[in-house]
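Below is a short note for someone opening this entry for the first time. The points can be read beside the structure.

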Amino acid sequence: MAEDFVIEMQHITKEFPGIKANDDITLQLRRGEVHALLGENGAGKSTLMSVLFGLYQPEKGIIKKDGKEVRIKDPNDANDLGIGMVHQHFKLVECFSVLDNIMLGVEPCKGGFLQKDVARKKVVALSEKYGLRVDPDALVSEISVGMQQRVEILKMLYRDNEILIFDEPTAVLTPQEIEELMEIMRGFKKEGKSILFITHKLNEIMEVADRCTVLRKGKGIGTVNIADTTKEELSRMMVGRDVQFEVEKVPAKPGEVVLDIQDMVVPSKVHKNNAVKGVSFQVRQGEIVCLAGIEGNGQTELIYGLTGLEKITGGKVLFQGKDITHATIRERSKSGMSHIPEDRHKHGLVLDYTLEKNMVLQRYWEPEFQHNGFIRRDAVRRYSDRLIREYDVRSSQGSETIVRGMSGGNQQKAIIAREIDRDPKLLVAVQPTRGLDVGAIENVHKQIVAQRDAGKAVLLVSLELDEVMNLSDRILVMYEGEIVGEFDPRTTTVQELGLYMAGAKKQQGVQ
Amino acid sequence: MAKNNFLGLRQKSSGILASLLCILIGLAIGLVALFIINFQHAWGDGFIRIIQGGFYDFPYGVGKTLTSAAPLIMTGLSVAFAFKTGLFNIGAAGQYTLGAFGALYCALMLGLPWYLCLLAATLFGAVWGAIPGIFKAYLNINEVITSIMFNWIGLYLVNEIVYARGTGAMYDAHNTRTWKLATNAPQALIPSCGMSELFHTNNTTIAIFLAIVVAIVVWVVLDKTTFGYELKAVGLNKNAAKYAGINEKKNIILSMTIAGALAGFGAGLFYLSGGGEWNPLNSTSLPAMGFNGIATALLAGSHPIGTIFSSLFISHITVGGSFLPTKYFPTEIADLISGIIIYLCAFSMLFRGRIEKLLLRDQDKTNVNAEPAKPKKEGV
């Protein structure tokens with residue numbers, strides 16, 4: 001035992017009805033390392049971490065802490081052992097302040113009275129030590145997602161946790177926030193804390209991790225040193241085949257104008273100004289137009305205005321030559337507009353419906369799926385089974401799975417399957433690959449390009465510059481509700497886009 | 001595929017088991033209460049009679065059970081329907097009140113036949129349900145608050161019209177109630193088709209069958225139609241429903257309207273069966289039928305078909321309670337037991353989880369058994 005393992009999970013097996021989520025997996029975490037856990041959606045990463053965190057009991061296998069076998073029956077046991085976890089979906093009390101959230105459960109008390117000052121001192125000290133700037137008195141509901149994640153991290157630090165688990169921490173962050181998080185992780189490493197980092201973003205692993213354990217379909221494929229490996233090698237281990245990072249595509253052959261937005265104005269829900277300030281652009285057949293920009297610069301509201309989720313207060317929307325400015329959502333959808341929404345839980349899915357019911361969410365009223373108002377269950381089942389097969393949507397019980405219980409990546413795949421399979425004239429895809437692994441991203445990108453090549457118009461909204469550069473035929477940069485520049489991905493650079501996205505430069509006459 | 005069906009069945013059966021568990025624990029606690037009140041007579045004169053329900057005085061008691069179960073099924077459906085679509089219809093009592101008024105007005109003042117009176121009851125209830133629905137859809141005012149207020153607005157409104165300071169044409173000052181339908185408007189009585197003779201009562205009618213038919217219709221609508229698909233989608237995720245092009249405002253109003261109609265129909269079934277007369281001097285309590293509907297809906301896990309059985313059960317023990325010897329026990333003891341059962345229903349989700357876990361453990365075992373077969377397959 002020359003090596004100093006702070007946590008060892010040996011031969012862990014965990015089964016669920018119909019699926020072996022973890023099959024004889026061994027994971028060894030060295031003291032003071034950043035250890036990445038890589039795998040496709042549904043490969044068993046979250047299950048393995050839930051076992052470590054005491055949320056699930058494994059059928060087989062043992063867990064050792066500092067070389068001694070331990071039993072972790074619930075998250076309290078995990079906490080006592082110094083294991084903390086930042087979940088993918090944060091577990092915060094929205095109407096509590098940052099400080100209240102951090103000390104919740106371990107409040108310092110004296111004679112039954114809270115000692116908030118004691119807690120505050122500790123929190124302030126911790127945030128200074130690790131560079132985690134947050135206002136302890138702000139309400140959680142009023143701070144950004146990135147800040148909320150810092151609160152979750154501070155919760156672990158406040159409990160003096162030595163082993164920090166991050167479950168896909170970057171999925172919800174902007175590029176800047178991701179950069180900051182990486183810096184924070186390096187800081188933890190310096191302080192001797194050990195980090196388990198669940199992700200499927202290879203760039204992040206290459207940047208911050210020391211070692212990486214790869215899972216595929218519930219089995220451990222191996223552990224590698226990051227210094228000795230490449231992105232290609234890792235993705236091959238994860239997916240089981242070679243993955244292309246660059247999308248292969250022929251030059252676009254734009255046809256007729258499908259979508260023509262003229263001087264669109266959409267009010268903001270957050271502030272009094274308009275979120276979209278008179279935006280005009282066109283999307284033509286057979287081209288992918290990408291709206292790039294930092295989150296919160298009006299892209300969301302623009303898409304709401306386009307798809308009918310929000311009323312626009314100025315301008316016009318022409319779709320295939322027809323004015324649809326005041327059309328209902330159903331009319332837009334019927335006339336051939338598909339929409340992969342930004343927030344899959346809010347808009348994209350009825351989480352407590354089965355997968356098959358979600359698959360027909362946009363089509364249940366079509367004669368194919370109903371007869372005199374009665375749903376044709378056989379037709380729905382056949383259709384859903386076909387989409388599941390063709391788009392590789394994985395779930396424990398197929399069409400009958402309640403969507404809430406599916407992994408985020410597979411939920412996203414279900415939405416993409418539903419929207420693309422409707423054979424739309426215009427595909428509006430908002431961050432379509434958010435939360436997907438490289439294999440699935442490659443697939444989605446191929447499908448979007450295939451849609452383009454089939455003569456469809458595609459409007460893509462993405463925060464990932466790699467995706468923007470890779471996929472689009474034309475790039476429009478949005479900044480503070482306006483389009484500040486139009487670019488050809490073949491002649492521009494990420495750095496140049498970055499300047500426009502940050503508002504440092506603006507083209508004249510694009511509006 | 002067979003296994004998938006099994007899983008679906010398991011969810012259903014665990015729901016039923018949870019409800020049965022609620023009933024068992026409720027009865028046990030009720031038994032303890034009986035022992036505390038009167039130790040000597042707790043078992044034979046108390047508990048057994050409650051369990052026997054209507055069968056203690058067969059067939060009269062069973063007839064009574066059926067008479068009161070019919071409107072209870074309807075108010076239960078009213079609440080269950082709203083629940084399924086994400087709304088809490090606590091206004092069933094008010095809708096029931098308006099339904100009673102609609103039925104009695106058409107019967108006593110207009111002399112209409114029973115089916116038109118029943119229709120009027122349904123319409124009046126529907127309107128009273130629609131109003132909170134409109135407030136919810138367009139102004140985002142919580143339906144619980146509006147429907148509670150409309151319960152009382154409805155009660156006072158109806159009382160005022162019926163009583164009219166003692167001069168109301170529908171009001172029989174001698175009995176301080178509305179006129180008896182049997183004497184003043186026999187055409188408005190729901191046909192008995194021999195039920196009353198069969199059970200030796202004078203108010204057992206085909207109402208119970210009408211209620212069961214409506215329950216089945218509600219189940220079909222919710223479970224099999226695109227309309228039900230839309231309603232439930234709105235209830236489960238308003239935003240996703242809107243995204244899918246469903247008019248969520250229209251659906252919220254429709255859902256409350258239908259819930260109101262169901263409660264109103266229930267009132268029609270009760271009053272047009274001659275189950276009782278309206279007392280406009282009662283200004284302090286809403287019809288209990290409305291609130292008991294919440295109870296039966298909860299006990300049934302909001303399942304329309306389940307509502308039939310939970311309503312029959314609640315009626316059964318309530319009638320049983322009325323047969324308790326009053327010198328030993330207050331009749332309210334049945335209410336106490338049903339109250340405890342309902343209270344436990346709040347835990348039924350918890351029970352459900354536990355039961356599912358138990359069943360799951362069994363299934364895990366079968367998985368373990370199935371395991372050795374697997375390598376063999378791979379070997380071949």
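1. Chain B, overall form. For 380 residues a compact globule would have a radius of gyration near 21 Å, and chain B has 23 Å, which agrees. The model is a predicted one. Along the principal axes, the C-alpha trace of chain B spans about 90 × 65 × 35 Å.

2. Chain B, make-up. There are 17 helices and two strands in chain B. Of its 380 residues, 53% count as buried. Among contacts in chain B with a separation of 6 or more, 76% join residues 24 or more positions apart.

3. Chain A, overall form. The secondary structure of chain A comes to 17 helices and 24 strands. Its radius of gyration is 24 Å, close to the 24 Å that the globule rule gives for 511 residues, so chain A is as compact as a globular protein of that length. Its C-alpha atoms fill a box of roughly 70 × 50 × 50 Å along the principal axes. Buried residues make up 44% of the 511 in chain A. Of the contacts in chain A with a separation of 6 or more, 69% are between residues 24 or more positions apart.

4. Domains of chain A. The domain assignment gives domain 1 (1-82 + 162-243), domain 2 (91-160) and domain 3 (350-423). The centres of domain 1 and domain 3 of chain A, taken over C-alpha atoms, are separated by 32 Å. Six residues from domain 1 of chain A and six residues from domain 3 of chain A take part in the contact between them. On the side of domain 1 of chain A that touches domain 3 of chain A, three residues are nonpolar, three are polar and none is charged.

5. Where the chains meet. How many residues does each chain give to the contact? Chain A gives 28 residues and chain B gives 22 residues. On the chain B side, helix H1 (2-37), helix H10 (226-236), helix H11 (238-243) and helix H16 (348-370) each supply at least two residues. The largest share of that side, five residues, comes from H10(B). By class, the side of chain B that touches chain A has nine nonpolar, nine polar and four charged residues.

6. The largest nonpolar core. This core has 252 residues, and A:Val477, B:Ala103 and B:Leu272 touch the most other members. Helix H12 (residues 248-272) of chain B gives the most to this core, with 15 residues. Leaving aside residues up to four places away in sequence, B:Leu272 touches B:Ala103, B:Ala107, B:Trp114, B:Cys117, B:Leu118, B:Leu181, B:Ala188, B:Leu189 and B:Ile190.

7. Helix H9 of chain B. At 1.5 Å a residue, the 18 residues of helix H9 (residues 207-224) of chain B should span 26 Å; the end C-alpha atoms are 25 Å apart, which agrees. Buried residues in H9(B) include B:Ala207, B:Ile208, B:Leu210, B:Ala211 and B:Val214. Further along H9(B), B:Ala215, B:Val218, B:Trp219 and B:Leu222 are buried too. What covers the buried residues of H9(B) includes helix H3 (60-84), H10, H12 and helix H14 (304-322) of chain B.

8. Helix H6 of chain A. The 16 residues of helix H6 (residues 175-190) of chain A should span 22 Å at 1.5 Å a residue, and its end C-alpha atoms are 23 Å apart, which agrees. A:Gly192 follows H6(A) and has a positive phi, near 85°.

9. A cis peptide bond. The bond from B:Phe58 to B:Pro59 is cis, with omega near 0°. B:Pro59 is in the loop between helix H2 (42-52) and H3 of chain B.

10. Positive phi at A:Gln431. Phi of A:Gln431 is near 45°, a positive value in a residue other than glycine. The loop that holds A:Gln431 is between strand S21 (426-430) and helix H15 (438-453) of chain A. Is A:Gln431 buried or exposed? A:Gln431 counts as buried because it has 22 C-beta neighbours inside 10 Å, where the cut-off is 20 or more.

11. Positive phi at B:Asn140. B:Asn140 is not a glycine, yet its phi is positive, about 55°. B:Asn140 is found in the loop between helix H5 (114-139) and helix H6 (143-163) of chain B. With 8 other C-beta atoms within 10 Å, B:Asn140 is exposed, for which the cut-off is 12 or fewer.

Key: Residues are numbered from 1 along each chain as its sequence is written. Chains are lettered from A and ligands numbered from 1 in the order in which they are written. This is a predicted model: local features need pLDDT of at least 70, side-chain atom pairs count only at pLDDT 80 or more; totals for chains, interfaces and linings use all residues. Helices (H or I, at least four residues) and strands (E, at least two) are DSSP runs, numbered from the N terminus. The radius of gyration is taken over C-alpha atoms; the globule rule is 2.2 Å times the number of residues to the power 0.38. Two residues are in contact if their C-beta atoms, placed from the backbone, lie within 7 Å. Ala, Val, Leu, Ile, Met, Phe, Trp, Tyr, Cys and Pro count as nonpolar, Asp, Glu, Lys and Arg as charged, and the others, Gly among them, as polar. A nonpolar core is a set of buried Ala, Val, Leu, Ile, Met, Phe, Trp, Tyr and Cys residues joined through C-beta atoms within 7 Å. The expected span of a helix is 1.5 Å times one less than its number of residues. Domain bounds come from an automatic or database domain assignment.
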